[in-house]
Amino acid sequence: MNHLTFLILCLSAQIRPVPTADQQAAPPHDSLQGAVRVVDLRTRALEITTGVGMALRVVRLRIAAETRLTAAGAALPLAQFQRGDIVRASFGTRPGGFVAYTIERVGRMTTTKGGGGTP
Amino acid sequence: MIRLGLCALALSLTVAACRKPPQPGDPLAGLTAQERDRFVHGRVVFDSAFTPATGLGPLFNAVGCGECHEDPKAGGTGDEVERHATAFHPAATGRACDELAAKGGPVFQLHVTPLLHAALGIDSEPVPPEATAIARRTTPAIFGFGLLDAVPDSVILSYADPDDRDHDGISGRPNRFFDGRLGRFGRKALVPTLREFNEGALIAEMGVTSPAIPTEETVAGQPLPAGTDPAPDPELPREATDLLDAFVRLLAPPEQKLTREARQGREVFERTGCARCHVPALRTGDSPVPALRHREVAAYTDLLLHDMGPELADICLGLATPSEFRTEPLMGVRLRSKFLHDGRATTLEQAIDLHAGEGAAARDRFRGLAAGERAALIAFLKTL
């Protein structure tokens, strides 16, 4: 790449919008939607496969006592989650890793013919 | 008045005849000046070579997009072959595929920077012993991919027949990303959008972080050793990522040049059943880019997964089993010298001959053609 172009692009990336009051007040949290890879009942955690393109990641979310686990609006025990469930999760960072605030089962990935990750 | 009209008609026909068809690497016709400008600037990002100081690695397959996508022009194919690995457990409860994402998969990079080599003593990312298959992957040409991105999901799903209800032996089905969205890019159609395909390639192929993926990959699941990644994240800023995406999105598909023999071959292509999966044309939907909006793209794919038989089988990915592959788009096939996902075929005849599973019937019909018809079909493919 032309060095001058690259420099301009890098500098432009440093200009960031000032956060609004709402953004500043928001609690630190993140969210994802992905497929359950592991249901760990012993340590009460879910491992979720997610990513961008072919760059895949596994996020491990600890399930706390206050974590809301649901499917179609109803409570769902951790033991009823399965590998291949598609879940939407919100979570925050705590010492020792991520802790889930909410996990909602929204669909399912299947390997059968006709399967397709629909809710 | 009539003479004036005839002159205007002759002039417009001359202009149309003189319009140079897009060459590989050219932008789509009909772009605005601003879109062309972004295309030109995006090519600079595409052609740039990264170094460890500007973001390369620590794990990487290539130093820039253009190192692999180079033949015959930026956006084309290349000689490089990379390595993907996954674990497939068909008897497992739930999903059978493990993409080994927790161990650095499914793309296991072939090169490391000097700093990572010094820290770990490795020359490439190790494939974990849990892998049940290692696949070779050639570089796809990406001409016309912006048009593929603009095809609505509903169009792709209209070709799906997962349970083969029409009993033609072909049961295309969609792949899905992990969040449930329909996939279409990649040899197993895992990736839903071109934007994600590009952003994922930055990190998976070059080890370059971007606003979408601001952290480096692990080394086989282990965090990077301290001091091995000197460039601050994101290593490619938003504007440069956007320009890169614009370049790829606005690349024109190769122009088809039909000869008389090729026209005959096109008819043979339909008659042998190749077109059942290699659907000749898909129609795009709405798009913020007028040149991509409501256009017919001669993609020769249905963007669905098909079982290609055990000989071609390698890794799983998402819903795709080891033997399932997305129908390879044939647009631009004339520009390639190696065929199939791993480049094992060096001629189009070999590639057809290696079709099995859902492609077996069409392959057998190809084998049964008279020599002249086979030649016409190949001549047709060489116009795409």
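**Exercise 1. Describe the hairpin of E3(A) and E4(A), including the residue with a positive phi in the turn.**

Solution. Two residues separate E3(A) and E4(A) in this hairpin, and A:Ala72 in the turn has a positive phi of about 50°. Strands here are DSSP runs of at least two residues (E), and helices are runs of at least four (H or I), numbered from the N terminus. E4(A) spans residues 74-75 and pairs with E3(A) in the antiparallel sense over two bridges; pairing requires that DSSP finds at least two bridges between the strands.

The model is predicted: local features need pLDDT of at least 70, side-chain atom pairs count only at pLDDT 80 or more, and totals for chains, interfaces and linings use all residues. Residues are numbered from 1 along each chain as its sequence is written, chains are lettered from A and ligands numbered from 1 in the order in which they are written, and side-chain values use heavy atoms, without hydrogens and water.

**Exercise 2. State how E3(A) is joined to E2(A) and to E6(A), with the direction of each pairing.**

Solution. Take E2(A) to begin with: eight bridges join E2(A) to E3(A), and the two run antiparallel. A:Ile48 has A:Val59 in E3(A) as its bridge partner. The hairpin of these two strands has two residues between them, and A:Gly53 takes a positive phi near 60° there.

Then take E6(A), residues 97-108: seven bridges join E3(A) to E6(A), and here the strands run parallel. The partner of A:Ile63 in E6(A) is A:Ala100.

**Exercise 3. Give the strand order of the open sheet in chain B and explain why E3 and E5 stand at the edges.**

Solution. The order is E3-E2-E5, with antiparallel pairing. E3 (97-98) and E5 (133-138) of chain B each have a single partner strand, so one side of each lacks a neighbour in the sheet. E2(B), residues 81-88, is joined to E3(B) by two bridges, and B:Phe88 stands opposite B:Cys97.

**Exercise 4. Describe the interface of chain A and chain B by its contacts, buried area and salt bridge.**

Solution. Step one: 34 residues of chain A are in contact (heavy atoms within 4.5 Å) with 52 residues of chain B. Step two: the chains bury about 3500 Å² between them, 65% of it on carbon and sulfur atoms; this is the accessible area (1.4 Å probe) lost on being put together, summed over both parts. Step three: the rule finds one salt bridge, a side-chain nitrogen of Lys or Arg within 4 Å of a carboxyl oxygen of Asp or Glu. A:Arg37 and B:Asp98 form a salt bridge at 3.4 Å, N to O.

Terms used. Buried area = accessible area lost by both parts, 1.4 Å probe.
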